[in-house]
Amino acid sequence: MRTAAAGDGDHPLAAAASSAAEHKVNLSARQPFVQALRTGLAETFFPDDPFRGFGWRPPAARAWGALKYFVPALEWAPRYSVGKFKYDLLAGVTIASLAIPQGISYAKLANLPPIIGLYSSFVPPLLYAVFGSSNNLAVGTVAAASLLLASIIETEVPPEENPQLYLQLFYTAAFFTGVFQTALGVFRLGLIVDFLSRSTITGFMGGTAAIIIMQQLKGMLGMKHFTPKTDLISVMRSIFHYRHEWKWQSAVLGICFLLLLLSSKHLRKKRPNLFWVSAIAPFMVVVIGGIFAFLVKGNEHGIPIVGDLKKGINPLSISQLTFTDKHVNTAVKAGFLSGILALAEGIAVGRSLALIKNEQIDGNKEMVAFGIMNIAGSFTSCYLTTGPFSKSAVNFHAGCRTPMSNVVMSVCIMLVLLFLAPLFKYTPLVALSSIIVVAMIGLIKVKEFCHLYRVDKFDFCICMVAFIGVIFFTMVIGLSASVGLSVIRALLHVARPKTCKLGSIAGGELFRDVRHYPNARNIPNVLVLQLGSPIYFVNAGYLRERILRWVEDEENASKLDGQDLQYVVLDLGGVTSIDNTGIGMLVEVHKSLDRKGIRIALTNPRLEVTEKLVLSGYIKDIIGEEWVFLTVKDAITACRYALQRSRSKEDGEV
């Protein structure tokens, strides 16, 4: 009878096998509230424990260590050598040759004066070399953030109507981006960036690359008018609406440049040691295009050029920051969204390159470095900068050793600004469009799309929402929708956690999910369930219903075999925490099973869970301390022993 087993007052663990008797769950362990709070905060905000080992040092050494932590240049600069400088010099010159055409191109993409792109490659890299923690990252402007900023700001201030205010809002947005990024790094809130999943970034960057390529048809066809919107339908309508502006000269020259750039990329894949060819190819396109446009007077024959570029280094722009009520909301919105995107790209690129060299970078240090260089950049006529993948990859393959390569690049850009900037006035716009198109092709990762579809259909949907949203609506809508879907998925994992029934394998030594291991054997009269998530108010109701449904299904299956379900063992090894609602759920489950004559046993509860279950009285007053076990095997042994005792008593009474 069930009542005999359920009401058995003997201590089954004490009378079970010796292995079960020797190993008991520590129910007396306690963690003081202050210590628990400190541990929780440390794990949340300082998971890398950056100041470990500081305690035993003298005060002066601790202060110097803290200073080196916040200023990484103090770590590598004292050990810098001529041997390292040779590599950094080569890498710096190489990425400078890429920074010039990219800087001009991305500034034009954002509808800014081309010289702003060169300004943005001078000051920010110097600051990153001091505060950045990555040896491989090369700092500069990026296409996606440039277009995102333009799409947000031009809805408030069209660049054609008020170019000066439009430029000022870019500076202001860069300032707010820097403040936001610095705050995230200082307060260790990098987890916010984690809401941009890899699937979201892949889809967003792919969609952005696609619309950037379509927008470059303006430059490829030599058009003067174009839509400020970024969606596919508006872009295609604009292209054909202004088809009378198409210039065949620009189209032919653009095709030639595309073939040259694509050939250099193909050569790099075939001969990796010739990476420098593809690295300097954009610069050569600018030089060749400028010479050609100068000789044939391209501006008069259907080949528009960049125009005048002022000589001189960055002028101060701190007085141009705009904080008026009418425009500040636009600047904050643009700075926040572009800042999140820039952080995600920069940190992801830095980490991926660091892994190849078996190095470590600190995400929070990177946020502070990005923030400082964007704040300083907003004061010196720069717009948003981060660590672009293309430039960083070139820096890596060129053999950089330290952030000094950014300093070398900055010095090269300074020399260009001081002496050579006016020479780039003849650069054809079609050359810049060709450079952007080839750079963007690599961001549409079709293989990654296919990989996501094979591995995780939900991740594929998240990726496609970003991709399609950016192409057919706006960049903000695509990014927001994808992030929203990712958050919904995370909430579903919390609200609807997975539970599974365990069966025995390897002669009863191991217990595994019966769906994963179909040959796993059921334990007669015992149901073993594994709970694999924290138990909170969000999922407590679902877990209660799911456990009771497992019990009902097991009862029906047991009756077919002529047996009764006597015990339910809950494996709590995966339950990292529990709240008051969760404890109440366990009490309700106990009452429901008790009415059926079924006893509950718990196995392997963690410290935080054990402490709350003991303090609430659940263990001592409801299920009994003797029904808490260290392993599932111990619980099964005790259940079998208790069942034998119960049957022996029944036989004796008969």
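Visitor: Is arginine 489 buried or exposed?

Guide: Buried means under 20% relative accessible area, exposed over 50%, and partly exposed in between, with a 1.4 Å probe and protein chains only. Arginine 489 has a relative accessible area of 19%, so arginine 489 is buried. This is a predicted model, in which local features need pLDDT of at least 70 and side-chain atom pairs count only at pLDDT 80 or more, while totals for chains, interfaces and linings use all residues. Residues are numbered from 1 along each chain as its sequence is written, and side-chain values use heavy atoms, with hydrogens and water left out.

Visitor: Which side chain meets arginine 489 in a salt bridge?

Guide: Side chains of opposite charge can pair when their charged atoms come close. The term salt bridge applies to a side-chain nitrogen of Lys or Arg within 4 Å of a carboxyl oxygen of Asp or Glu. Here arginine 489 meets aspartate 456, at 2.7 Å from N to O. Arginine 489 lies in helix H24 (residues 475-495) and aspartate 456 in the loop between H22 and H23, so the pair ties together parts 33 residues apart in sequence. Helices (H or I, at least four residues) and strands (E, at least two) are DSSP runs, numbered from the N terminus. Aspartate 456 counts as partly exposed, at 21% relative accessibility.

Visitor: How many salt bridges does the structure hold?

Guide: There are eleven. One of them joins glutamate 448 and arginine 198 (3.4 Å, N to O). Glutamate 448 is in helix H22 (residues 446-455) and arginine 198 in helix H12 (residues 198-215), 250 residues apart. Glutamate 448 is buried at 15% relative accessible area, whereas arginine 198 is exposed at 61%. Salt bridges also link Lys68, Glu75 and Arg79 in a network.

Visitor: Which residues line the largest cavity?

Guide: On a 1 Å grid over the protein atoms alone, a cavity is a set of points where a 1.4 Å probe fits but cannot get out; a pocket is an open set with protein on both sides within 12 Å along at least five of seven lines, and lining residues have an atom within 4 Å of a point. Arg268, Phe275, Ser278, Ala279, Ala393, Val394 and His397 line the largest cavity. Helix H16 (275-296) and helix H19 (389-397) each give two or more residues to this lining. The largest cavity holds about 40 Å³ of space; grid points are joined across faces, edges and corners, and a volume is the space filled by probe spheres set on the points.

Visitor: What volume does the second largest pocket have?

Guide: About 950 Å³. Of its 35 lining residues, Lys108, Asn111, Lys218, Met223 and Lys224 are the closest to the centre.
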